[in-house]
Amino acid sequence: MFRNMSLHRTITPGYTVIYPNRDKPASKTTKAIVVLIMLISVVLMLIVTVGGWSKLQGMKPVNFVWCIAYLIMAYYIATRWARGLLPITAALSILLLIMVVIAGTGASGTSWFDRSNAGFAAAQSLFGGSGLSPDTLGLFTLLIAPVQVLLIFFTMLGFSQGWNVELEVPIEEARRRGYQPSGPAPPQPAAA
């Protein structure tokens with residue numbers, strides 16, 4: 001399928017590859033915000049999942065898979081500047097936003113807030129004890145929505161920052177910019 005692609009990168013001798021857009025404070029801040037918002041999303045999803053375990057209808061495995069996916073993507077974004085995961089994160093955020101709005105407002109039936117009325121049993125937690133109150137679960141469910149809106153905004157902002165832009169520069173230039181290239185050491189002057 002990729003017959004014409006080279007198997008390895010060839011760099012001009014004496015040069016190295018740098019990523020100048022990753023050095024910008026705006027890019028570093030955006031990356032940190034995206035990772036933080038993803039971790040907040042995971043915590044909120046786990047609170048709702050664990051606190052309302054007995055009342056969730058078929059979403060238990062999906063919630064755990066969603067949390068694991070967010071954690072893996074947050075790891076790769078934080079450590080490897082994986083710009084390609086940003087639109088995937090935004091897409092998952094949009095899906096989660098839709099589900100949260102439907103669940104939080106009761107558009108598909110009963111919301112968590114409706115369960116505080118007479119005739120509804122209290123939710124049981126994952127660990128067998130009593131779960132969170134319906135109003136608390138409703139609040140945490142609705143809190144996920146603005147968090148997802150922020151995540152969509154910041155992932156698209158990060159995607160537009162061009163974290164993947166590469167420059168091939170001389171090793172000395174890379175060292176001046178603060179990089180630690182893996183090239184040969186510069187020649188030392190001879191001792192007199």
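## Report on a predicted helical chain

At 2% relative accessibility, Ser27 counts as buried, where buried means under 20% relative accessible area, exposed over 50% and partly exposed in between, with a 1.4 Å probe and protein chains only. This residue, Ser27, lies in helix 1. The model is predicted, so local features need pLDDT of at least 70 and side-chain atom pairs count only at pLDDT 80 or more, while totals for chains, interfaces and linings use all residues. Residues are numbered from 1 along each chain as its sequence is written, and side-chain values use heavy atoms, with hydrogens and water left out.

**Confidence and overall form**

The predictor's confidence in each residue is given as pLDDT, from 0 to 100. Its mean over the protein chain is 87, and 90% of the residues reach 70 or more. Confidence is lowest in strand 1 (residues 15-18), at a mean of 89, and highest in helix 1, at 96.

The protein chain contains 5 helices and 2 strands; helices (H or I, at least four residues) and strands (E, at least two) are DSSP runs, numbered from the N terminus. Along the sequence they follow the pattern β-α-α-α-α-β-α. The radius of gyration is 24 Å, well over the 16 Å that the globule rule gives for 192 residues, so the protein chain is more spread out than a compact globule. That radius is taken over C-alpha atoms, and the rule is 2.2 Å times the number of residues to the power 0.38. Along the principal axes, the C-alpha atoms fill a box of roughly 90 × 45 × 25 Å. Of the 192 residues, 34% are buried. Among contacts (heavy atoms within 4.5 Å) with a separation of 6 or more, 74% join residues 24 or more positions apart.

**Selected residues**

| Residue | Relative accessibility | Class |
|---|---|---|
| Ser27 | 2% | buried |
| Gly51 | 6% | buried |
| Trp81 | 13% | buried |
| Leu92 | 23% | partly exposed |

Leaving aside neighbours within four places in sequence, Ser27 is in contact with Asn21, Arg22, Trp81, Gln161 and Trp163. One of these partners, Trp81, lies in the loop between helix 2 (60-80) and helix 3. Its phi is near 50 degrees, a positive value in a residue other than glycine. Most residues other than glycine have a negative phi.

Gly51 is also found in helix 1. Gly51 and Ala123 are 72 residues apart in sequence, and their C-alpha atoms are 7.3 Å apart in space.

Leu92 belongs to helix 3. Beyond its neighbours within four places in sequence, Leu92 is in contact with Trp66, Tyr70 and Met73. From Leu92 to Trp66 the separation is 26 residues in sequence and 8.5 Å in space, C-alpha to C-alpha.

**The largest pocket**

On a 1 Å grid over the protein atoms alone, a pocket is an open set of points, where a 1.4 Å probe fits, with protein on both sides within 12 Å along at least five of seven lines; lining residues have an atom within 4 Å of a point. The largest pocket has a volume of about 570 Å³, a volume being the space filled by probe spheres set on the points, which are joined across faces, edges and corners. The elements giving two or more residues to its lining are helix 1 (25-51), helix 3 (85-105) and helix 4 (134-160). Helix 3 provides the largest share, 5 residues. In total 21 residues line the pocket, and Leu56, Met59, Met99, Ala103 and Trp112 lie nearest its centre. The lining divides into 11 nonpolar, 8 polar and 2 charged residues; Ala, Val, Leu, Ile, Met, Phe, Trp, Tyr, Cys and Pro count as nonpolar, Asp, Glu, Lys and Arg as charged, and the others, Gly among them, as polar.
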